[in-house]
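Colleague: I have just opened this one and have not looked at it before. Can you walk me through it?
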Amino acid sequence: MSSLSVASDGAAETPATPAPTVAGADVVVVETESDLPQQNGLDKKGYHYAHSDIYYKDGRICEPPKKLDAADAVAAAEAEAATADAQASESKWNTNDYHWEERDCTAWATDRLRELVVGSEVWRDKKVEGDELTVTGAELDGYASSCVRKGKTINTFEFTAKVTFEGRRGGGALSATATYTDLVRDGTEDVGSEVEVPAGVVESKASAVADSTSSTDKDGNIVQTEVPVSSERAMRCSEMLLKLVTKKGEPAVREKLLVLVRELLAK
């Protein structure tokens, strides 16, 4: 505690403000607000407005604003475009992907899966027109997103994929669905680790379709005639189609799902 000194006239004197002391070579110990250091002539206390002339005086803080000529404008646009190309994010304001930004990739992933598998031919009878097995639909249930933060990309997803097969053969018809679950990536995995796509669970529904034969009537017109198919024959043909789904179709779709997953991780 500091003590008061008494002047010759008996009045108490205020203790003098101690001067800044130096602790070590470069550390200044500040005793009062008046001892706050200044930087480039600006007192660190209080606030300053960016449009103040003091910021541009002698170029101490930054150069004064100037109008760009045509060449400077082109150079600035090219530099901005180069920065944007190097970013994973789509926002121009997120320079160098520093700020957290999340982009929903679910719709893209669904469209990409359909592009990869829908219309794929699993089997076709070259002798009988219409006897074939193809992929007719694909759906994703879940989400997929691409995030950036401090220049790092973090891609995450969690979804279930359902792919539909439809086909017919020799009077038997089949509609089957392969369901792929546990397609998950939460961002905690090691960099470069592979994602496994588990085998799909296949469910099917068989039915019978009538065969048809072609003949020509007395006027020369072609006439299609339906020929009933026995339930036993239809069942055998449907079972053959189901084997094609499980042995050939489902593994082929699984490979396409792996392509989708790798593309998601690379976004």
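Colleague: In what sense do strand β9 and strand β10 pair, and over how many bridges?

Modeller: Strand β9 (residues 132-149) and strand β10 (residues 152-169) are antiparallel, with 17 bridges. Strands here are DSSP runs of E with at least two residues, helices are runs of H or I with at least four, and both are numbered from the N terminus. Two strands count as paired if DSSP finds at least two bridges between them.

Colleague: What should I know about the model itself?

Modeller: This is a predicted model, where local features need pLDDT of at least 70 and side-chain atom pairs count only at pLDDT 80 or more, while totals for chains, interfaces and linings use all residues. Residues are numbered from 1 along each chain as its sequence is written, and side-chain values use heavy atoms, with hydrogens and water left out.

Colleague: Back to the strands. What sits between β9 and β10?

Modeller: Two residues, which makes the pair a hairpin. K150 in that turn has a positive phi of about 50 degrees. In the pairing, C147 has I154 in β10 as its bridge partner.

Colleague: And which residue in the turn between β10 and β11 has a positive phi?

Modeller: G170, at about 50 degrees. β10 and β11 also form a hairpin with two residues between them. β11 covers residues 172-185 and pairs with β10 in the antiparallel sense, over twelve bridges.

Colleague: Changing topic, how many salt bridges does the structure hold?

Modeller: Eight. The criterion is a side-chain nitrogen of Lys or Arg within 4 Å of a carboxyl oxygen of Asp or Glu. Among them is the one between D131 and R168, whose closest N and O atoms are 3.5 Å apart. D131 is in the loop between β8 (121-124) and β9 and R168 is in strand β10, so this pair ties together parts that are 37 residues apart in sequence.

Colleague: How covered are its two ends?

Modeller: D131 is buried, with a relative accessible area of 6%, while R168 is partly exposed at 28%.

Colleague: Where do R236 and E232 lie?

Modeller: Both are in helix α3 (residues 231-266), four residues apart, about one turn of the helix. R236 is partly exposed at 43%, and E232 is exposed at 57%.

Colleague: Which residues are linked in a network of salt bridges?

Modeller: R112, E115 and E263.

Colleague: Last one: how many helices and strands does the protein chain have?

Modeller: Three helices and 14 strands. The chain has 267 residues, of which 26% count as buried.

Definitions and conventions. Buried means under 20% relative accessible area, exposed over 50%, partly exposed in between (1.4 Å probe, protein chains only).
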